[in-house]
Amino acid sequence: MKNFDQDTVKRLETVTVIVVPGYANLDPSSRKQFLEIIDEALGERPESMRRQLALFLKVLNLAPYLRWGRPLGKLEAVDAERALRWFQEAPMAKLRQGFWGLKTLVFMGYYGRREVWPEVGYAPEFGGLDV
Amino acid sequence: MFEKTFDIVIIGSGAGGGTVAKELAPLCGEGIRVAVLEWGPKISDDEYTGNEVDMARKLFVDSGGMLTKDGNMTLAMGKGYGGSTLSYTGTSMTVPKEVVDRWAVPGLTHGDVASRAQKYSEENNVHFQPEELLNDNNLLFQQGCRTLGYNVEQFPLNLKGCKGAGICNLGCPNQAKQGTHLVQLPEAEKAGVEVITNCLVEHIGIQELDAVVENAPFGEPSTWEEGRYRIKAKIIVVCAGAVHSSALLLSSGFGDRLPALGRYLTLHPALILVAEHPQTISNFCGHPKSFFCDQFWRSDGFLLESCMYYPFITAKNLVGFGSEHSQLMQAFQRLQMILVLAVDQAEANNRVEIDGDGRPVVDYTLSNATLDSLHTSMKAATRIFFAAGAARVHAPAGERFFIEASEADDIERLIPRNKVVPGRISITSAHLMGGCRMGEDLGTSVTDSWGRVHDHPGLFVADSALLPRANEINPYLTVMALADRVAERIRSDAGELL
Ligand SMILES: Cc1cc2nc3c(=O)[nH]c(=O)nc-3n(C[C@H](O)[C@H](O)[C@H](O)COP(=O)(O)OP(=O)(O)OC[C@H]3O[C@@H](n4cnc5c(N)ncnc54)[C@H](O)[C@@H]3O)c2cc1C
């Protein structure tokens with residue numbers, strides 16, 4: 001990835017497997033595609049937004065220390081979901097929006113791949129059909 | 001710096017710009033030079049890949065990811081030869097009389113707008129699709145509404161040769177939607193109007209403007225060489241869409257004498273709601289939007305429309321994540337979807353501003369009244385889903401990710417108002433209106449009822465920025481009707497201005 005360093009990519013992947021559990025089963029080339037889509041989207045955004053996102057990923061990964069004494073990546077699945085849900089419902093708008101933005105990027109990377117179509121059963125016929 | 005001279009320059013080639021170009025094209029026969037300057041490229045037929053991320057990049061400003069200043073809403077604005085008509089759904093509605101009455105623009109009557117809208121309905125081949133072409137997703141919406149006694153009506157659509165690809169908002173791969181890229185712009189070009197794509201106008205001065213031509217990495221290259229241009233024109237018609245028309249005029253310094261410039265923006269804030277049926281239904285094949293329900297339009301300020309989106313857009317609009325979210329996504333062939341459009345009030349504080357680089361910033365606050373409408377709409381849509389036989393519903397403000405059919409009697413409790421929280425739920429706008437509203441009063445309007453910018457002869461606005469308040473129904477035909485009106489005034493003033 002051009003727009004995130006290795007540590008940030010790792011944090012992003014930690015969040016991704018919680019947001020879309022199917023990510024854990026992707027082969028390396030699908031993961032590469034996922035990251036490329038996100039990278040391209042980040043490339044179109046201002047540098048300040050990329051920095052904010054990288055910082056937000058750090059916060060997401062470290063915040064669980066306060067409650068569980070461990071980072072996000074070391075939590076049981078149910079606690080990891082609970083931790084992210086807290087951000088989704090957070091009283092502070094900036095935290096909710098940060099989580100929404102990050103989740104949107106993750107969904108873009110995962111569901112924006114044409115390869116996901118068979119997995120979800122999306123099979124459009126662009127050239128014609130009988131409804 | 002290259003220099004060019006025209007008599008009339010139109011900025012933007014969407015619903016407004018395309019209409020003005022076609023209407024002024026006959027002037028070319030009299031030796032008048034008319035040009036359209038369009039920021040985006042012309043997309044070739046073989047570039048419509050149906051891939052969400054790819055098409056978002058090709059068809060939308062900021063790849064469809066522009067947010068309001070407070071980060072609570074996503075704004076979808078088209079960019080390219082045809083503007084937002086490349087990616088619109090093609091529902092073709094005439095604005096109701098009571099809406100035009102509410103606008104209260106002196107000199108603007110509903111009869112005038114409606115007759116012009118009728119002209120474009122005919123030009124764009126607007127008709128009702130036959131019932132055998134409607135898919136289950138649409139018919140279930142109709143059935144659910146009827147079961148509940150809600151008024152439901154079919155959308156007229158502007159299609160020719162629709163093959164039901166179902167991806168209208170990603171650009172039609174079969175060129176079926178009759179947007180300005182297929183109807184008005186080619187006709188204008190045939191008559192001698194020059195359309196310059198990949199051309200961003202950066203500044204409007206007195207009878208001249210500055211633009212830069214830079215080819216996009218997709219689409220056809222511009223007919224002009226890349227570089228900076230100073231373009232002279234006696235008449236300038238701004239049709240860059242509600243946000244960019246306002247921003248361009250603001251960054252060109254017109255805000256000093258036009259206090260309403262950029263203000264009174266309305267957005268029809270929208271939500272996508274999703275339900276799962278027990279059986280497979282036809283949904284992503286066929287035109288996605290056949291019906292609307294206006295049962296709650298007057299009482300609660302929203303419309304409901306049948307709709308169908310694609311995997312990424314769908315995923316993004318669900319509130320939540322993890323296994324439940326994935327389960328719902330994997331039920332794609334069983335999904336029914338409903339779009340909510342809230343009718344927002346025109347408020348001076350909701351406005352387009354510009355940042356230090358002259359780029360638009362949309363300062364828009366979702367009012368409590370709009371959030372109330374969105375809340376009520378979620379409950380109404382949930383009832384429609386269950387009346388249509390859905391097994392479970394995902395309401396963005398639901399207490400839980402799924403509401404099961406067995407809980408249908410408990411909707412009031414399961415969709416509480418306090419969960420309708422901006423930043424938590426995905427709210428979008430594809431209907432951006434206002435910012436250069438028509439009127440008489442300099443304090444509250446930017447143009448007269450013919451689109452002439454107050455105190456600036458030769459400068460016109462002819463696009464969605466003109467709307468003084470929300471259109472309260474899908475707006476493109478109104479935009480074309482108003483642009484047609486502006487073009488008529490330009491034709492009649494041409495002798496004096498040119
Ligand atoms: C996804 C989507 C679906 C929609 N579906 C429907 C529907 O089904 N029915 C309906 O009635 N309405 C629909 N709409 C709304 C409708 O498309 C718009 O209301 C209408 O197109 C607005 O027309 P406009 O001319 O104001 O702007 P646009 O059509 O957006 O055109 C503005 C053009 O100006 C160009 N531009 C901007 N800035 C500059 C600049 N500085 N220099 C040069 N060019 C510039 C842009 O690139 C763009 O091409 C939809 C919109 C979207 C985005």
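Two strands count as paired if DSSP finds at least two bridges between them. Strands are DSSP runs of E with at least two residues, helices are runs of H or I with at least four residues, and both are numbered from the N terminus. By that rule, Ile354(B) has Pro360(B) as its bridge partner in β17(B).

The model before you is predicted: local features need pLDDT of at least 70, side-chain atom pairs count only at pLDDT 80 or more, and totals for chains, interfaces and linings use all residues. Residues are numbered from 1 along each chain as its sequence is written, chains are lettered from A and ligands numbered from 1 in the order in which they are written, and side-chain values use heavy atoms, with hydrogens and water left out.

Let me stay with that pair. β16 (351-354) and β17 (360-363) of chain B are antiparallel, with four bridges. They form a hairpin with five residues between them, and in the turn Gly358(B) has a positive phi of about 85°.

I turn to the parallel sheet. In chain B, five strands make an open sheet ordered β7-β3-β2-β11-β21. β7 (194-196) and β21 (459-461) of chain B are at the edges with a single partner strand each, so one side of each has no neighbour in the sheet. Within the sheet, four bridges link β2 (8-11) and β3 (34-37) of chain B; Ile10(B) is partnered with Val36(B) in β3(B).

Finally, the helix. α1 (15-24) of chain B lies across β2, β3 and β11 (235-238) of chain B, at about 160° to β2(B). Such angles, from 0 to 180 degrees, are taken between N-to-C directions of axes fitted to C-alpha atoms, for helices over the stretch in contact, where contact means heavy atoms within 4.5 Å.
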